[in-house]
Amino acid sequence: MAPPFCGSIHLSLRARVYWQQENAQKGAAPMKGRWRYHPFYLKVRFGALQLIVPFIIFQFIRTLLFPTSFDVVLLMLLALLYAAILCDWI
């Protein structure tokens, strides 16, 4: 089953691969409407994944050098946000 992308709407390759992986896991159930997720949502989501990783690395180094409770909590929140996006909870 081919993804429902046509016309002048061009999504990134990652969005198409994500659609294919998700529907392969779910048995390619029929979708309500044209897309399962809005294309803008997918772009924001993948952009957030690319931005969160450097923030996590920076915060981890900062937490190792200057361990305060704020740094630990912020690192934990960033890691939970990253896991939530990867696990499709958001």
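## Confidence

In this predicted model, residues 5–9 have a pLDDT that stays under 50. For this stretch the model has seven contacts beyond four places in sequence.

Over the chain, the mean pLDDT is 78. Of its residues, 62% reach 70 or more. Confidence is highest in helix α3, which covers residues 69–86 and has a mean of 94. Helix α1, residues 13–25, is where confidence is lowest, with a mean of 62.

## Salt bridges

The count of salt bridges comes to two. One of them joins Asp 88 to Arg 45, and the closest N and O atoms of this pair are 2.9 Å apart. The pair links distant parts of the chain: Arg 45 belongs to helix α2, Asp 88 to the segment after α3, and 43 residues separate them. Are these two partners buried or exposed? Arg 45 has a relative accessible area of 7%, so Arg 45 is buried, because the limit for buried is under 20%. Asp 88, at 29% relative accessibility, counts as partly exposed.

Arg 62 forms a salt bridge with Asp 71, and here the closest N and O atoms are 2.9 Å apart. Asp 71 counts as buried, with a relative accessibility of 0%. Arg 62 is partly exposed, at a relative accessible area of 36%.

## An aromatic pair

The model has one aromatic pair by the counting rule used. The ring centres of Tyr 37 and Tyr 41 are 5.4 Å apart, and their planes meet at 40°. Why is the pair tilted? Planes under 30 degrees apart would count as stacked and planes over 60 as edge-to-face; the angle here is 40°, so the pair is tilted.

Both tyrosines can also be described by their accessibility. Tyr 37 counts as partly exposed, at 21% relative accessibility. Tyr 41 has a relative accessible area of 28% and is partly exposed.

## A nonpolar surface patch

Which residues form a nonpolar patch on the surface? They are Val 53, Ile 57, Phe 60, Ile 61, Leu 64, Leu 65 and Phe 66. Together these residues have about 710 Å² of accessible area.

One of the patch residues, Ile 57, lies in helix α2, which runs over residues 39–65. The relative accessible area of Ile 57 is 48%, so Ile 57 is partly exposed. The limit for exposed is over 50%.

Key
Residues numbered from 1 in each chain as written. Predicted model: local features only at pLDDT ≥ 70, side-chain atom pairs only at ≥ 80, totals over all residues. Heavy atoms only, no water. Phe/Tyr/Trp six-rings, centres within 6.5 Å; stacked < 30°, edge-to-face > 60°. Buried < 20%, exposed > 50% of the residue type's maximum accessible area, 1.4 Å probe, protein only. Patch = residues over 30% accessible without salt bridge, like charges linked within 9 Å, V, L, I, M, F, W, Y side chains within 5 Å. Areas by Shrake-Rupley, 256 points an atom, 1.4 Å probe, with all protein chains shown as cover. Salt bridge = Lys/Arg side-chain N within 4 Å of Asp/Glu carboxyl O. Helix = DSSP H or I, 4+ residues; strand = E, 2+ residues; numbered from the N terminus. pLDDT = per-residue confidence, 0-100. Contact = heavy atoms within 4.5 Å.
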